[in-house]
Amino acid sequence: MTIRELINEAEERMDEANKDSNVPKVLFYHVSNMQPHELYLKMDEEVDEETLRTFNEDLQRYLNGEPVQYIKGKEYFFNYEFTVNEDVLIPRYETEELVENILYAIDDYFKDYKTIDLCDVGTGSGAIAISLALEEPKLNVCATDISEKALVVAKKNAHDLGAHVTFYQGDMVQPLIDAKKKVDIFVSNPPYIPVHQDIDPRVKDNEPHVALFGGEDGLYFYRKIFETVRPILKDQAILAFEMGFDQRDIMEEALQQYFPDCPHRFLKDINGKNRMLFIYYNIEPK
């Protein structure tokens, strides 16, 4: 069987199963270590037995509902390649916009700082913390996660990408309080899906629930952060969060309870939905 025949056959299987027909090529790039231009030039070559076996195994895993990113063990975020597995949430494209807006905020509010202390709470794969550390040399970055297995992945990613990030294991803000940390920028993308909300089975059945679900209304972890975060904030600080696009009203209520005197701003994503929250702690927003 040639590569062309194999991929065509696999694409037909995808169509019949109402699955993404782009996946066969993505998986073939992975198992063959080929780039797209190489694949194009070799489409009429025969597939060796080992590649065929691995490709069919991976394709079946996808048909059984496993995300492509876990099958590959990799996902790109902010142009960096991150190791991912079932112990961490798969980094999402929309979270890149949170990183971008934090970098903009650094230019706006901390431009004259020689060093900036930043923490990422609930780091998972480390995608946010590591990307920020690589993009802004002035940052001193630390990150926390309650999951020891997630931190193994995050530490590997930091090592592989050459990022200096200090990791702490523990529940949300607590390890930073224990370490007597003070930060200029607090970042978190906590679990925000309401526990009873229906979501894609590929997500629900494969990705860690501790990184997905945020209680009855999705704000459990935000309230936990709001209640405990002040001891680690410097006199002037910015808090940046990703949030559910439909959570603005209940988030407003929580902010009135925990940060009534602090200006805040909801930022829209590329699709025009409220997906990010910035709280300005003793800082006047520009």
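A salt bridge here means a side-chain nitrogen of Lys or Arg within 4 Å of a carboxyl oxygen of Asp or Glu. By that rule, the structure holds eleven of them. This is a predicted model, in which local features need pLDDT of at least 70 and side-chain atom pairs count only at pLDDT 80 or more, while totals for chains, interfaces and linings use all residues. Residues are numbered from 1 along each chain as its sequence is written, and side-chain values use heavy atoms, with hydrogens and water left out.

**Confidence**
- The chain averages a pLDDT (the predictor's confidence in each residue, from 0 to 100) of 90, and 91% of the residues score at least 70.
- Residues 203-207 stay under 50, and the model has 17 contacts (heavy atoms within 4.5 Å) for them beyond four places in sequence.
- Residues 209-215 also stay under 50 in pLDDT, with 29 contacts beyond four places in sequence.

- D44 pairs with R4, and their closest N and O atoms sit 3.0 Å apart.
- R4 belongs to helix α1 (residues 3-16) and D44 to the loop between α3 (36-41) and α4, so this pair ties together parts that are 40 residues apart in sequence.
- Helices here are DSSP runs (H or I, at least four residues), numbered from the N terminus.

**α2 against α4**
- Helix α2 (residues 23-32) and helix α4 (residues 49-63) have axes that come within 10 Å and cross at roughly 135°; axes are lines fitted to C-alpha atoms over the stretch in contact, and angles run from 0 to 180 degrees between N-to-C directions.
- The two are therefore oblique to each other (under 35 degrees counts as roughly parallel, over 145 as roughly antiparallel, 65 to 115 as roughly perpendicular, and the rest as oblique).
- Their crossing is right-handed, meaning the near helix is turned clockwise from the far one by less than a right angle.
- On the α2 side the contact uses V23, P24, L27, F28, H30, V31 and S32, and on the α4 side T51, T54, F55, D58, L59 and Y62.
- Sorted by class, those residues come out as eight nonpolar, four polar and one charged (Ala, Val, Leu, Ile, Met, Phe, Trp, Tyr, Cys and Pro are nonpolar, Asp, Glu, Lys and Arg charged, and the others, Gly among them, polar).

**α6 against α7**
- Helix α6 (residues 93-109) packs on helix α7 (residues 127-135) at about 40°, with the axes 10 Å apart.
- That makes α6 and α7 oblique to each other, and the crossing is right-handed.
- T95, L98, V99, I102 and L103 of α6 meet I128, S131, L132 and E135 of α7.
- This contact has six nonpolar, two polar and one charged residues.
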